[in-house]
Amino acid sequence: MITHFIVVGLLCGLSFSHECRRELLVNIDFPGTDITSVFSPDAEHCQNMCTQHSSCLFFSFLRSDWTADNRHFYCYLKSTPSGKPNVQNPLLGITSGFSLKPCNPDLQPCLPQVYHHVDFPGADYQTLFTADYEECQRACTRDSACQFFTFLKQDFTCPTVRYKCHLKFSWPVPRIPQIIRLNTRISGFSQRMHITQNLNTECEGKLFPNTDIPISNIVVLPTASPEHCQTYCSAHPLCTYFTYISHTFNCYLKHNPGEIVLKAVAGYTSGLPARFCQLDNNWIKKTYVGIDFPYSDIRNFLTSDVEACQRTCTEDPNCQYYSYITETFSDPAHRRRCYLKRVITMPAPPRVTKLTNAVSGFSLSNCHYKAPLPPY
């Protein structure tokens, strides 16, 4: 049984005032005005990362032929109030371009390119041996948890790991950077954000109230509820169970396939992932009073109430979640202000490096991939 996590209604129909500019400017740098940097294997991937970032409007990418220092595959996401670079300089080894936000971009971009002598270090959840990188990519494509891969070719330096295929994971569902308690805030999620696993059987999922599962942590994430935490555990291929702590909003994903040890602790909720049924998404429909989801704003505006804020988030395909400032806030100018938000959900390697006789690439699950017909 294959479980596919799909976040519906994230990017189509974006409305930005800037013109659609798809072209890539080779050997042109947009210096300064950085928001952050990420890793990308090429300028097209960097452009897609900029497109999905909440505030990126343009970018500069340091290619593999960059020689000024050892920074390769760095993708610098940038923004200015005007939406245009302040400066454009000719510079070898850099490709720059613009966010595709005004271009009605693909919800789930197809990433068909493979990268020879390139490694995507980290994020492994499974390894196997395959005849070639094409078979490794097929294995990644058919595994719903796999977002990208690295294959070590037959002439790789270390003979014991030749033909090894590394399947790798990155989050296909939105992760909120931080959750804090604030009595002047109400937060929630877009009602379009149906997190579906492409399964016909529905289930509520197994939760253990007032229960901790000690140790075996693999990652800690902010979540708004135990059900939100369970969704993350169900998406992560290594999560065998989880514990959610209500007073800190911390979701501890855990990996221990050998045993489960339950311990009674008030305020903790533990549970199991759902791999073969469609989880109840009622946690998305709720509003969370006294809770703020800071950062990752795409826009803000004054509105009548939190219901109108949620409705606008739902109507804006780019909005994944929101926070609303109530009438009790100290500054009248910010009362009843609605902040719409989003984060990156496309495949994103944690690092990209040069590695001789390695081949890396992405799952083709978004490409409607079909194997070519054999020749006559």
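# Exercises on disulfides and a helix

In this predicted model, a disulfide joins C136 to C165, with an S to S distance of 2.1 Å. The exercises below start from this pair.

**Exercise 1.** Determine which parts of the chain the link of C136 and C165 ties together, and find its handedness.

Solution. 
- Step 1. The cut-off for a disulfide is a pair of cysteine sulfur atoms within 2.5 Å; C136 and C165 have an S to S distance of 2.1 Å.
- Step 2. The angle about the S-S bond is 80°, and the link is right-handed.
- Step 3. C136 and C165 are both buried.

**Exercise 2.** Find the handedness of the link of C233 and C239, and decide whether C233 is buried or exposed.

Solution. 
- Step 1. C233 and C239 are joined by a disulfide, S to S 2.0 Å.
- Step 2. The angle about this S-S bond is -95°, and the link is left-handed.
- Step 3. Buried means under 20% relative accessible area. C233 has 0% relative accessibility, so C233 counts as buried.
- Step 4. C239 has a relative accessible area of 2%, so C239 is buried.

**Exercise 3.** Describe the disulfide of C309 and C338.

Solution. 
- Step 1. The sulfur atoms of C309 and C338 lie 2.0 Å apart.
- Step 2. The torsion about their S-S bond is about 70°, so this disulfide is right-handed.
- Step 3. C309 is in helix α5 (residues 306-315) and C338 in strand β23 (residues 337-341); the pair links distant parts of the chain, 29 residues apart.
- Step 4. Both C309 and C338 are buried.

**Exercise 4.** Work out how far helix α1 (residues 43-52) is enclosed by the rest of the structure.

Solution. 
- Step 1. Nine of the ten residues of α1 are buried, so the helix is largely enclosed.
- Step 2. The buried residues include A43, H45, C46 and C50.
- Step 3. Among the elements covering them are β3 (34-39), β4 (58-62) and β24 (353-362).
- Step 4. At the start of α1, a side-chain oxygen of D42 comes within 3.3 Å of the backbone nitrogen of E44.

Conventions. Residues are numbered from 1 along each chain as its sequence is written. Side-chain values use heavy atoms; hydrogens and water are left out. Helices (H or I, at least four residues) and strands (E, at least two) are DSSP runs, numbered from the N terminus. Buried means under 20% relative accessible area, exposed over 50%, partly exposed in between (1.4 Å probe, protein chains only). Contact means heavy atoms within 4.5 Å. A polar contact is a pair of N or O atoms within 3.5 Å; within protein, one must be able to donate a hydrogen and the other to accept it, and residues adjacent in sequence count only if both atoms are side-chain atoms.
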